[in-house]
Amino acid sequence: MEIVTTIRHEVLTLPTAHLGPDNPLPALRPLDETHRIEDRDKKDLPRDMARQIGYAPLHSLLPVPVRDGYDRDRAPRSLDALVIENDRLRATVLPGLGGRIASLVHKPTGRELLYVNPVFQPANFALNGAWFSGGIEWNIGATGHTTLSCSPVHAARVPAPDGGEMLRLWEWERLRDLPFQVDLWLPDGSDFLYVGARIRNPHERQTPTYWWSNIAVPEDCRVLAPADQAYCFGYEQRLRRVPVPEYDGVDRTYPPNSTYAADYFYDVPEARRRWIAALDGDGHGLVQTSTDTLRGRKLFVWGRGPGGRSWQQWLTEPGTGGYCEIQAGLARTQLEHVRLEPESEVSWLEAYGPFEARREGEWGAVLDEAEARLEGVLPRADVDAAYAAWLPYADTEPGERLAAGSGWGALEVLRAGWRLPGTPFDESTLGEEQEPWLHLLRAGSFPEPSGSRPPGGTLVARHWRDMLETAPATGLTEYHLGVAQWHGGDRAQAVRSWERGLAQDGPSWPALRCLAVADREERHPERAADRCVRAFDDLCREAGETGGDTAVDTEVDTAVDTGVCTAGEWTAAVAALGREAIEALLAVGRTTDARSVWERLAPATRARGRFRLIEAGLLLAEGRNEEARAVFDAGLEVADLREGDEVIGRLWARLTDEPLPERYDFRMRPTS
């Protein structure tokens, strides 16, 4: 028969904020993870759940950099998109932003099945910072939104089981060092988008893994899932088993009924079909179902409280509709990681499509009727058959390349000699970030960076650490070795490596900053502050400071013209280290020194919302309360405010007994 599925390029123009440069300082501090529970909540959990909650939680972001350079200055900009469609559905994919499905339209009715964000606005929700709301995202790695949220993935055309074409997305996940793929397939005449997903463990060791498909839908809906119990998790970090649909006198399957942000992980019985749906007032909406491997289902709500409303507006534009998320994952909750055995893989198939069912009435009857309707439009056996049909095509080599991701997968494949059918990580994708590590792999030494620039990212896996240990000792090699040792838990040896690095030629600020973090973690705050100041002084000299007001921006721009470095690298380094230095100095009451660091920051840096907040804290520490209050009264937007972070409210409470203004209220839990 004639296959009418097409895949084409498209350009979206949206109000878009700048992503900006990554933070060049390695993420040595413990992960700021909100998805942890108290030990008392574990004792009544099923054994497998309790075991998986305790299995290999992520403690560090290394080797992934923190992404905190974005802003809130949106302007119309172009985003590359790939569109896959048949005569029934049209899916718009953003390969440069984690392969997110930004839109899924049912063509016969013209209905958009997802919540589509009208802007691109990064916010601090991903494990490493920058994340944006809307559409369907693929979360791999560890508890939280993936570090690939705002990063490119590889994309290509691949033959589909029905003779048409699939759109393949694939990348290398760096937190767990695992390759994964997502195949999007639209059979001719189908009302359902099929998604074949696979995670592979090419290592000779067991590896923890994690997956949740997050689907944003308009929040004015009712969410149906085949369960009468759920595990509720809120920002109080308590996990408790609650009834579904009604809990604490409120039907929580209607997202607008909740006051505060919360997760509801549905306890779907083992034999029950895996599915979840969101239906509007007319009973129309989206359903997601899958093969049984993707066992978990979840509802996330922002809540109607002031904090939830603030976050909803923060992530988009005031006046736009709110959203909730329905999700599907490998485990029952997002607090768990699952074991992936050596040289093995896990795969499954998902299906997304329009759905119509009665949403009002007695819960059991509503579920039974909805499940019967789902069986009528997409039988469970058909999903299993589609998975069986797709699986042999998962190894098919991609055809025309449609987008390029990172070169990290290519570097790992070169190192280990792995063969990964279906997801080629070609040497042509190796770039500037991988160059020094490729040199270490081939020549056994770590090269000095070309020209004058910050040291670049660090690889921390055991095999790279072993190579660094046998490489000729230079200041840069000792710095990278220390970061890898720190990540591996050998903190004493890491400190020795950084101290040895200080005795070598080259800039001292990278090692000094690492030693300052070590001091802070070992509760030596005065020494940490001293080392932060020394590191900041050395960095400013390295970046081109000439005295008085900072001349970093001018000097760096000159360097860019000669190809030595990029302005963003130095600006980001000075801003990041300056922030750490001020915080370390204020922690030990050295306000005069903190003020000195503040005044050496570039005016553009001091004008950023995060630094305006730091300024308010500095003014308060200096006893200049009225000036600190004026910072708030003038208005500030902390672009990288962290999910669940209450720093604004705490600082406000030190200034005044007045209620926290609504525009600064991002609290995601009851104030008690």
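In this predicted model, helix α17 (residues 625-634) and helix α18 (residues 647-655) cross at roughly 140 degrees. Their axes come within 10 Å. Angles over 145 degrees count as roughly antiparallel; α17 and α18 are therefore oblique to each other. Their crossing is left-handed. From α17, the contact draws on Asn 625, Ala 628, Arg 629 and Phe 632. From α18, Ile 648, Leu 651, Trp 652 and Leu 655 take part. Six residues of this contact are nonpolar, one is polar and one is charged.

The crossing of α9 and α10 is left-handed. On the α9 side, the residues in contact are Arg 491, Val 495, Trp 498, Glu 499 and Leu 502. They meet Ala 511, Leu 512, Cys 514, Leu 515, Ala 518 and Glu 521 of α10. The contact of α9 with α10 comprises eight nonpolar and three charged residues, with no polar ones.

The second largest pocket holds about 1,000 Å³ of space. It is lined by 42 residues. Closest to the pocket centre are Glu 433, Pro 455, Gly 456, Gly 457 and Glu 569. Three helices, α6 (435-443), α8 (475-487) and α13 (567-587), each supply at least two lining residues. The most comes from α6, which gives four residues to the lining of this pocket. By class, the pocket lining consists of 21 nonpolar, twelve polar and nine charged residues.

Eight cavities have a volume of 30 Å³ or more. The second largest cavity has a volume of about 60 Å³. Its lining is made by Leu 641, Asp 645, Glu 646, Val 647, Ile 648, Gly 649, Leu 660, Tyr 664, Phe 666 and Arg 667. Of these lining residues, six are nonpolar, one is polar and three are charged.

The backbone was examined next. Most peptide bonds are trans, and most residues other than glycine have a negative phi. Some sites in this model depart from that pattern. The peptide bond from Leu 62 to Pro 63 is cis, with omega near 10 degrees. Pro 63 is placed in the loop between α1 (47-53) and β2 (75-85). Ala 56 also lies in the loop between α1 and β2. Ala 56 is not a glycine, yet its phi is positive, at about 50 degrees. A cis peptide bond also joins Val 244 and Pro 245, where omega is about 10 degrees. Pro 245 is found in the loop between β17 (239-243) and β18 (246-247).

Terms used: Residues are numbered from 1 along each chain as its sequence is written. This is a predicted model: local features need pLDDT of at least 70, side-chain atom pairs count only at pLDDT 80 or more; totals for chains, interfaces and linings use all residues. Side-chain values use heavy atoms; hydrogens and water are left out. A crossing is left-handed if the near helix is turned anticlockwise from the far one by less than a right angle, and right-handed if clockwise. Contact means heavy atoms within 4.5 Å. Ala, Val, Leu, Ile, Met, Phe, Trp, Tyr, Cys and Pro count as nonpolar, Asp, Glu, Lys and Arg as charged, and the others, Gly among them, as polar. On a 1 Å grid over the protein atoms alone, a cavity is a set of points where a 1.4 Å probe fits but cannot get out, and a pocket is an open set with protein on both sides within 12 Å along at least five of seven lines; lining residues have an atom within 4 Å of a point. Grid points are joined across faces, edges and corners, and a volume is the space filled by probe spheres set on the points. Axes are lines fitted to C-alpha atoms, for helices over the stretch in contact, and angles run from 0 to 180 degrees between N-to-C directions. Angles under 35 degrees count as roughly parallel, over 145 as roughly antiparallel, 65 to 115 as roughly perpendicular and the rest as oblique.
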